[in-house]
Amino acid sequence: MKKLLLGAASIALLTGAAGPAYADFTLNVLHFNDFHSRYDSINKYESNCGAEDEAEGKCIGGMGRLKAAIDAKRAELAGENVVLLDAGDDFQGSLYFTTYHSDVINEFNNQLGIDVMTLGNHEFDNGPEETAKLIDGADYPIISGNLDVTKEPLLAGKLKGVVILDVGGEKIGVVSALAEDTEETSSPGDTIRFARIEDTLMGSVEALEAAGINKIIALTHDGFPRDLEIAASVPGIDVIVGGHSHTVMSNTVKGAKAYPTMVAGPSGVEVPVVTAGSYAKFLGDLKVTWDDDGTVISATGDAQLLDASVTPDAAVLARLVELNAPIEEMKNEVIGTATADIDGSRDTCRVMECSMGSLLTDAMVDRAADQGVTIAIENGGGLRASIDAGDITMGEVLTVLPFSNTLATMQLKGKDVILALENGLSQVEEGAGRFPQVSGLKFSWTRAKPAGERVIKAEVMENGAWAPLDPDKLYGVATNNYMRNGGDGYDVFATDAVNPYDFGPPLEDVLADYIAKLGGEYTPTTGDRITEIK
């Protein structure tokens with residue numbers, strides 16, 4: 001398959017780039033997105049899956065399954081036209097990335113046979129230098145159309161916005177775009193500028209059409225809602241393959257969006273929009289047919305769930321064992337010192353304020369403060385161990401936080417913060433894991449009242465003083481991605497969150513970085529954040 005990597009301005013210089021189509025043309029588009037370096041399999045809560053669960057068939061995803069599924073699908077489609085697209089965010093989310101950065105991404109992605117990848121916002125988490133390393137080490141083109149990198153020397157000349165694929169004698173134009181708010185959600189630096197997505201895509205499409213290319217796929221990383229807007233407003237786009245919002249699309253999974261979701265385009269022709277969840281839980285499989293004039297006349301398919309029915313690739317699993325050895329060594333790394341025991345026991349953290357809960361929630365607020373976050377709520381059940389006085393190792397941090405949960409942020413009205421606290425207090429008698437550990441917030445409560453009526457008083461820190469929680473005011477709140485999506489009964493986080501974002505750094509990194517920021521020494525504290533009135 002030939003690939004021509006171009007900037008939009010260069011496309012217009014092509015003449016005779018696309019020969020005439022003499023018959024309907026069908027293309028199988030395999031795709032995945034938001035892998036987030038989840039090389040090991042995960043469970044239904046998107047946490048690391050143990051050997052016992054794997055043996056019982058409870059695990060999904062992982063690079064082994066993704067590689068096996070792609071290989072099997074290519075074998076099934078032998079003789080047909082097939083491309084594999086990656087819609088971005090392969091960075092961040094596990095210790096594999098923390099340890100190996102873009103090297104591990106390139107090692108495995110180069111084995112998958114990717115035809116085109118678009119950058120995700122998290123590809124800038126370690127700054128433009130690591131983004132450049134990713135691009136330099138990839139065996140396939142990586143594009144992003146609405147970025148101006150001309151003033152960033154590490155990326156200038158390396159990042160284009162369009163790829164032209166030669167598939168089965170047809171030219172397929174792939175245009176691209178990245179979420180405009182990447183400056184807020186990642187670390188691209190001050191030298192990169194982001195243009196409006198619709199404007200960029202219109203220019204790219206017009207240039208392709210002027211060059212005679214009439215089969216155009218938009219490979220985006222801006223989220224499902226934005227993709228729907230783009231499909232309805234940008235003429236000439238035939239298919240959108242997206243990422244960023246982790247949206248599950250399936251014709252069999254309950255509550256999922258329809259795969260594909262069809263949107264009436266500006267010309268009246270429906271545009272299929274697809275995405276494939278996250279963490280290699282799904283492999284998207286879309287079959288698109290164009291007529292002689294380059295109009296999509298059929299778009300069918302589904303996202304394949306990569307569950308226990310998919311046997312992981314043995315070579316991938318063996319390599320992961322090798323890569324994990326230095327990670328085990330890394331777990332012995334000393335990241336700081338505790339002047340006293342940091343209590344993370346379930347007997348404490350599920351019924352009252354505990355010092356581990358205070359440490360983690362303080363770290364969460366500190367990490368997201370530049371996003372307007374002033375409150376953090378963490379489920380006590382998410383804390384799985386204490387840390388003894390003395391040296392703090394990364395392994396101990398991972399024992400406290402073993403689930404690979406990520407920092408999630410949102411805005412929430414004060415009344416919904418109360419509902420969240422009520423949920424956290426609703427099963428305290430059973431020692432349920434939902435008990436709320438907090439920062440930037442203090443409250444009093446009683447178990448003498450029935451569940452749902454237990455919060456007596458709640459206050460927030462404002463301008464250096466405690467003030468009553470305003471029921472109608474929006475507050476910036478941090479939590480973990482499990483809770484933000486309704487885990488442990490925190491449905492209000494899933495239903496009433498404003499501007500939610502679930503894909504921040506792993507909590508273990510948040511905690512370790514915070515200890516380092518404090519100078520490496522931490523003195524455990526508990527105060528009056530949570531007061532039970534008996």
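Trainee: In β18, which residue is the bridge partner of Ala338?
Mentor: This is a predicted model. Strand β16 covers residues 334-338 and pairs with β18 in the antiparallel sense, over 4 bridges. In one of these strands, β18, the bridge partner of Ala338 is Gly390.

Trainee: How are α5 and α6 oriented to each other, roughly parallel or roughly perpendicular?
Mentor: Helix α5 spans residues 102-112 and helix α6 residues 127-137, with their axes 9 Å apart. The angle between them is about 25°. Angles under 35 degrees count as roughly parallel, so α5 and α6 are roughly parallel.

Trainee: How many residues of the contact of α5 with α6 are charged?
Mentor: From α5 come Ser102, Ile105, Asn106 and Asn110, and from α6 come Glu130, Lys133, Leu134 and Gly137. The residues of this contact include 2 nonpolar and 4 polar ones. The number of charged residues is 2.

Trainee: Is the pair of Phe25 and Trp290 stacked or tilted?
Mentor: Phe25 is in strand β2 and Trp290 in strand β14, 265 residues apart. Their ring centres are 6.2 Å apart and their planes stand at 35°. Planes under 30 degrees apart would count as stacked and over 60 as edge-to-face, so this pair is tilted.

Technical notes
Residues are numbered from 1 along each chain as its sequence is written. This is a predicted model: local features need pLDDT of at least 70, side-chain atom pairs count only at pLDDT 80 or more; totals for chains, interfaces and linings use all residues. Side-chain values use heavy atoms; hydrogens and water are left out. Axes are lines fitted to C-alpha atoms, for helices over the stretch in contact, and angles run from 0 to 180 degrees between N-to-C directions. Helices (H or I, at least four residues) and strands (E, at least two) are DSSP runs, numbered from the N terminus. Angles under 35 degrees count as roughly parallel, over 145 as roughly antiparallel, 65 to 115 as roughly perpendicular and the rest as oblique. Contact means heavy atoms within 4.5 Å. Ala, Val, Leu, Ile, Met, Phe, Trp, Tyr, Cys and Pro count as nonpolar, Asp, Glu, Lys and Arg as charged, and the others, Gly among them, as polar. Two strands pair if DSSP finds at least two bridges between them. Rings of Phe, Tyr and Trp (its six-membered ring) pair if their centres lie within 6.5 Å; planes under 30 degrees apart count as stacked, over 60 as edge-to-face and the rest as tilted.
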